[in-house]
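Please read this briefing with the structure open beside it.

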Amino acid sequence: MVGFLQACMDGLLIGALYALIGMGLALIFGVMRIVNFAHGAFLMVGMYATWLLFDRLNLNPYFGFMPAGVLLFALGYLVYKLLIQPIRERSDFMQILMTTGIALILVDTAQLSFGADYHQANIELVSRSLHFGPFVMNAASGVSFAIAAVFIIGLQLYVFRTRTGQALRAIAQNRDVAPLMGINVTRIQGLSFALGLAYAGIAGGLLLPALYLFPSVGDDYTLKAFVIVVLGGMGSIEGAAIGGLVLGVAESITSLYLGNQWALAVDFLLFILVLSLKPSGIFGRQRA
Amino acid sequence: MRFKSLVVLISVVSLFASIPGARAADNTVKIGVITSITGSQAAFGEAHKNGYLVALDEINAKGGILGKKLELDFYDDQSRPDQAVQGVSKLVDQDHVVMLLGAYSSENTKAIINPVTMHHIPLLIPTATADNVMDSKSPWIFRICAGAAAYAKVWIDFLKKNGAPKTMAIVYEKTNFGQANMQAMKQAAQAAGINVVALEEYEAKAPDYRAVLRRVKEKNPDVIYFCSYLLDATTLMRQSQEVDLNPRYYTAAGTGFSAAEFPTAKGAGKNAEYTLSVSQWLPEASWPGSKEFDAAYFKRTGTHPAYHAMQAYQSLQTAAHAINNAKSLDAAKIRDAIKNINLKMTPFGPVKFDATGQNQHPVLITQVQGGKYRVVFPADAADAKPIIPAPKWSERH
């Protein structure tokens with residue numbers, strides 16, 4: 001039982017970061033109906049930014065993730081204006097090609113600039129652990145969980161409590177009617193794309209101390225982000241938050257009972273199960 | 001029409017003309033090296049490269065090979081087997097190297113065995129420990145390092161003489177290196193009456209091993225045997241401390257646990273303390289030339305070498321010897337010269353290949369003590385006594 005609870009806790013700790021990744025993707029999908037195949041690549045950019053700040057300026061990743069998030073926000077807005085907006089009204093296929101192309105360029109640029117070498121941000125905190133009775137928590141995971149929780153709740157409040165958030169939801173509900181209500185769709189879409197990428201960047205920065213960094217590190221996370229968004233119900237931001245936590249716990253429990261080699265397989269098992277049994281997602285409501 | 005066929009004719013002729021001409025005209029001898037300069041195994045690729053370069057300088061300082069300057073043609077396989085395979089074609093078909101050295105990992109080496117055999121070019125393997133790289137019985141394949149079965153054998157000898165533990169858990173990464181070493185150890189342990197209570201495979205890309213280590217902890221084995229590369233070795237030790245896993249023996253199949261970085265702050269730091277691992281060579285080894293190699297390597301890199309660098313160094317030295325003995329750059333003649341090579345004493349010990357192409361190399365056991373690798377077995381090579389059991393994490397400072 002202790003083992004089970006411990007696995008759940010470890011799962012929640014990493015799940016909060018998955019939630020950030022999933023929420024970013026859900027935000028972009030909800031408001032723009034664009035499936036961002038470059039999500040993991042942008043996460044990788046966030047990781048490199050955080051790592052560079054750590055490596056060159058000795059800035060702790062738990063502060064470095066903030067400039068990385070800001071950078072990704074700016075990059076996101078730029079990418080939206082230059083590349084996404086012109087094809088906004090084109091077919092889904094064009095959008096898939098565009099985002100996949102962006103991902104390839106980002107990964108290869110990283111490889112050209114930094115090589116295919118693995119990097120690790122060795123900080124003191126990663127080898128500290130906190131004990132609560134029979135349970136152990138890695139100090140770094142605890143910090144990243146707390147930061148992630150703030151951002152998860154922050155986005156939630158932003159979307160449900162502010163006027164911009166209301167506009168965002170209006171576009172998600174009906175993109176044709178929203179402009180008739182005086183909403184500037186271009187501006188809001190640009191904002192949500194930028195915000196979605198900022199969340200990928202923040203997640204990347206927070207993942208850095210626990211992970212190794214290399215140019216194609218994001219690939220797995222693009223896939224994970226899809227699984228999370230599907231679990232939570234396509235485009236539902238609160239659903240993606242829960243989907244991320246569920247995925248984290250599912251991986252951790254699988255790892256404990258079946259072995260580490262099955263942990264990645266469970267992602268796709270969940271994906272297939274949800275798509276075939278409840279395509280609207282476990283927490284999703286059916287959308288028109 | 002006539003013009004077109006003329007162009008085709010000229011290109012075909014020049015193509016054929018260029019092949020035999022390329023080697024003879026040069027004043028250099030080119031040997032191809034496939035290794036992992038970048039990617040997950042870059043730390044070992046870097047060690048390889050520097051080992052080769054030390055040997056290259058020595059050989060050229062002594063007048064090169066067959067009176068010609070020796071040149072190395074490096075191909076970076078990016079730690080990926082498909083790239084290693086491409087490297088064979090690139091080095092042999094385009095660059096016309098006379099023989100090949102490499103790759104670094106067992107996975108990538110296994111991948112190039114068939115392409116090498118098909119190209120009829122000799123390959124000398126410096127570091128791949130999975131024994132299946134020698135399975136093909138190809139006459140073109142030679143290996144200078146000891147393999148997984150030799151590792152398992154020396155571990156069993158060591159454990160029998162040092163407390164005779166009863167149970168073992170094997171934790172291994174899921175490519176050729178990890179799987180082959182797990183198999184070899186599993187068989188050897190069972191034959192010696194050690195009960196293997198857990199076999200845990202892991203994906204080196206998913207760096208959360210806590211669940212794996214907790215599963216091992218539940219089985220409470222006397223010995224844990226890791227088959228790991230460097231980044232996973234570092235993380236495994238950090239997380240072993242976190243989950244408070246306390247076997248009496250932390251043991252490993254070399255590689256990550258024997259890398260020069262592992263006991264330093266760049267690696268596992270103080271979590272590396274008391275880990276036992278196999279080694280094929282250390283700077284302190286008694287073979288003549290070891291100290292000189294250590295000094296030359298240190299001059300070049302500012303760090304001391306681990307055995308991977310030495311194996312690269314000795315592979316190139318052996319290749320140079322063989323080509324000099326062959327007195328020819330013909331692939332079959334070089335192959336036969338490697339087959340007949342008999343170096344009584346090198347910095348890596350004696351080098352002589354048996355009928356299968358395997359060099360019989362002794363294996364040492366080391367322990368990290370005070371942030372340094374010390375040889376603890378066999379007794380005639382030891383410079384320290386093993387500390388057993390490894391102190392519990394709660395009792396370490």
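Which residues in α2(A) meet which residues in α4(A)? In this predicted model, A:A41, A:M44, A:V45 and A:Y48 of α2(A) meet A:I102, A:A103, A:L106, A:V107, A:A110 and A:F114 of α4(A). By class, the residues of this contact are 10 nonpolar, no polar and no charged. Two packed helices are described by the angle between their axes and the distance between the axes.

**Helices α2 and α4 of chain A**

- Helix α2 covers residues 39-57 of chain A, and helix α4 covers residues 92-114 of chain A.
- Their axes are 9 Å apart, and the packing angle is about 30 degrees.
- Angles under 35 degrees count as roughly parallel, so α2(A) is roughly parallel to α4(A).
- The crossing in which α2(A) passes α4(A) is left-handed.

**Helices α1 and α5 of chain A**

- The axes of α1(A) and helix α5 (residues 139-161) of chain A cross at roughly 35 degrees and come within 8 Å.
- Here too a handedness can be given: α1(A) passes α5(A) in a left-handed crossing.
- From α1(A), the residues in this contact are A:L13, A:A16, A:L17, A:A19, A:L20 and A:M23.
- From α5(A), they are A:S141, A:S144, A:F145, A:A148, A:A149, A:F151, A:I152 and A:L155.
- The residues of the contact of α1(A) with α5(A) comprise 12 nonpolar, two polar and no charged.

**The sheet of chain B**

- Five strands of chain B form an open sheet with parallel pairing, in the order β2-β1-β3-β4-β5.
- At the edges stand β2 (69-76) and β5 (141-143) of chain B; each has a single partner strand, so one side of each is left without a neighbour in the sheet.
- On average, neighbouring strands of this sheet are turned by 25 degrees against each other, direction ignored.
- Strand β1 (residues 28-35) of chain B runs parallel to β2(B) and is joined to β2(B) by eight bridges.
- Opposite B:G32 stands B:D73 in β2(B).
- Helix α10 (residues 307-326) of chain B packs on the sheet and touches β1, β2, β3 (99-102) and β4 (123-125) of chain B.
- The direction of α10(B) makes about 165 degrees with that of β3(B).

**Where chain A touches chain B**

- In this contact, 26 residues of chain A meet 24 residues of chain B.
- On the side of chain A, the elements that give two or more residues are α1 (2-32), β2 (135-138), α9 (237-257) and α10 (263-277) of chain A.
- The most, five residues, comes from α1(A).
- The residues of that side of chain A divide into 12 nonpolar, 12 polar and two charged.

Conventions: Residues numbered from 1 in each chain as written. Chains lettered and ligands numbered in written order. Predicted model: local features only at pLDDT ≥ 70, side-chain atom pairs only at ≥ 80, totals over all residues. Axes fitted to C-alpha atoms, helices over the stretch in contact; angles between N-to-C directions. Helix = DSSP H or I, 4+ residues; strand = E, 2+ residues; numbered from the N terminus. Parallel < 35°, antiparallel > 145°, perpendicular 65-115°, else oblique. Left-handed = near helix turned anticlockwise from the far one by under 90°. Contact = placed C-beta atoms within 7 Å. Nonpolar A, V, L, I, M, F, W, Y, C, P; charged D, E, K, R; others polar. Pairing = 2+ DSSP bridges.
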